[in-house]
Amino acid sequence: MDNTSQILLRSAELLAGQRLLLVNPAADELTRELPGDWHVWTWDYSAFLGLRGRLPEHQLSFSHLCPAVEGLEGAILVMPKAIERAEYALAQMAPLLAAGCPLYLVGEKKGGITRAEKLLAGLGDGAEKLDSARHCQLWRTQVKGDAPAFRLEDWQQQIDLDFPDQKVQLTSLPGVFSHGRLDEGSALLLEEMAPLPAGKVLDFGCGAGVLSLVLARRNPGCRFELVDIDALALYCARQTLDQHDVDAQVYPSDGLSDVHGRFAAVVSNPPFHTGVRHDTSIAERFFNAVARNLLPRGELRIVANGFLKYPPLIEAHIGPCRVLRENSRFKVYSAVAPG
């Protein structure tokens with residue numbers, strides 16, 4: 001069981017038997033081991049798949065918005081990686097709670113929970129640390145009951161981008177990859193003007209949809225499918241494409257779990273190459289799996305940190321790998337499947 005769930009179990013006397021909103025939990029047995037009327041909101045499709053079947057369907061929500069659960073006796077946020085995502089979630093949770101109801105924040109010390117007191121400030125009359133164990137902390141405030149109604153438009157950003165051949169506008173929400181800007185890797189990939197093979201194109205880990213938007217306008221013979229694990233990213237991608245009248249499919253997938261069929265091309269600024277560790281095992285599993293989704297002569301085009309040893313992995317599973325573009329930090333790779 002996840003450490004955050006274990007520290008919640010240590011406070012079972014505060015939580016058991018209540019009608020509770022649980023936000024961003026791990027996909028473990030907490031809701032079974034701690035009896036209660038649980039309502040779960042997650043934006044992580046992997047967690048949604050893991051929790052499906054453990055809760056009634058109407059009590060589990062995968063969405064960019066918090067479900068409007070009535071009659072709550074408390075709410076718990078498991079600290080997300082991005083502080084701005086925590087603020088976004090709390091702004092939706094607090095208005096659902098009556099004055100005096102507890103709002104809990106739990107998370108690992110290395111994951112930002114030390115910001116708990118600041119995050120909870122203004123939502124209640126002070127915040128108190130209830131427990132500290134397993135490298136985690138549990139905090140609580142009693143809400144004032146006067147939190148303003150949540151308005152999505154207050155959190156949504158529109159980002160204007162200029163490319164040599166087009167101007168675009170992205171929709172972005174807190175915690176979506178590269179929120180509020182165009183990241184350097186995607187910018188480098190989009191500098192490459194070579195056309196993609198005509199047909200279906202998969203945008204893996206689509207984020208706010210910038211790759212599909214720009215490439216779809218450059219490649220009218222392509223039909224794009226966008227996948228991501230994050231519900232907020234999927235919402236943003238859908239908005240981004242719709243406001244530019246680009247017809248594409250947008251759907252959740254845990255890796256390639258929900259991707260079916262074969263594609264003329266797969267494009268990606270893949271989410272598994274960030275961080276400082278030189279572990280390429282996740283990337284290798286992806287290259288092995290995505291090879292089955294490429295048509296003969298289908299192209300894989302990705303951008304990655306230049307220090308990662310991707311070319312041998314790509315060539316082992318797909319085909320000869322070329323560097324299309326590079327700068328001091330990133331490289332754009334292309335490989336064509338045999339056929």
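These are my notebook entries on a predicted protein model.

**Entry 1: Ground rules.** I worked from a predicted model, in which local features need pLDDT of at least 70, side-chain atom pairs count only at pLDDT 80 or more, and totals for chains, interfaces and linings use all residues. Residues are numbered from 1 along each chain as its sequence is written, and side-chain values use heavy atoms, with hydrogens and water left out.

**Entry 2: Domains.** I looked up how the protein is divided and found domain 1 (3–152) and domain 2 (156–337); such bounds come from an automatic or database domain assignment. The C-alpha centres of the two domains are 32 Å apart. Domain 1 brings 13 residues to the contact and domain 2 brings 17 residues, where contact means heavy atoms within 4.5 Å.

**Entry 3: Nonpolar cores.** I next searched for nonpolar cores, each a set of buried Ala, Val, Leu, Ile, Met, Phe, Trp, Tyr and Cys residues joined through side-chain atoms within 4.5 Å. Buried means under 20% relative accessible area, exposed means over 50%, and partly exposed is in between (1.4 Å probe, protein chains only). The largest core has 36 residues, and Leu-77, Met-93 and Leu-103 have the most contacts inside it. Among the elements that give two or more residues to this core are strand 1 (19–23), strand 4 (74–78), helix 5 and helix 9 (231–242). Helices (H or I, at least four residues) and strands (E, at least two) are DSSP runs, numbered from the N terminus. This core lies between domain 1 and domain 2, because both give residues to it. Another core, of 31 residues, lies apart from it and includes Leu-161, Leu-211, Leu-215 and Val-332.

I then listed the contacts of Leu-77, leaving out residues up to four places away in sequence. Leu-77 touches, among others, Val-23, Trp-43, Leu-90, Met-93 and Tyr-104.

**Entry 4: Second largest pocket.** I recorded a volume of about 280 Å³ for this pocket. On a 1 Å grid over the protein atoms alone, a pocket is an open set of points where a 1.4 Å probe fits, with protein on both sides within 12 Å along at least five of seven lines; lining residues have an atom within 4 Å of a point. The volume is the space filled by probe spheres set on the points, which are joined across faces, edges and corners.

The lining has 19 residues, and Leu-90, Ala-91, Leu-123, Pro-148 and Trp-155 lie nearest the centre of the pocket. Helix 5 (83–93) and helix 6 (116–120) each give two or more residues to the lining, and helix 5 gives the most, with three. I counted 12 nonpolar, one polar and six charged lining residues. Ala, Val, Leu, Ile, Met, Phe, Trp, Tyr, Cys and Pro count as nonpolar, Asp, Glu, Lys and Arg as charged, and the others, Gly among them, as polar.

**Entry 5: Helix 8.** Eight of the nine residues of helix 8 (residues 210–218) are buried, so the helix is largely enclosed by the rest of the structure. Leu-211, Ser-212 and Arg-218 are among the buried ones.

**Entry 6: Single residues.** Thr-31, in helix 3 (residues 30–33), is buried at 12% relative accessible area. Beyond its neighbours within four places in sequence, Thr-31 is in contact with Leu-22, Trp-38, Val-40 and Leu-55.

I also noted two positive phi values in residues other than glycine. Ser-178 has a phi of about 60°; this residue lies in the loop between strand 9 (166–172) and helix 7 (184–191) and is buried, at 11%. Arg-297 has a phi near 70°; this residue belongs to strand 14 (residues 294–305) and is exposed, at 52%.
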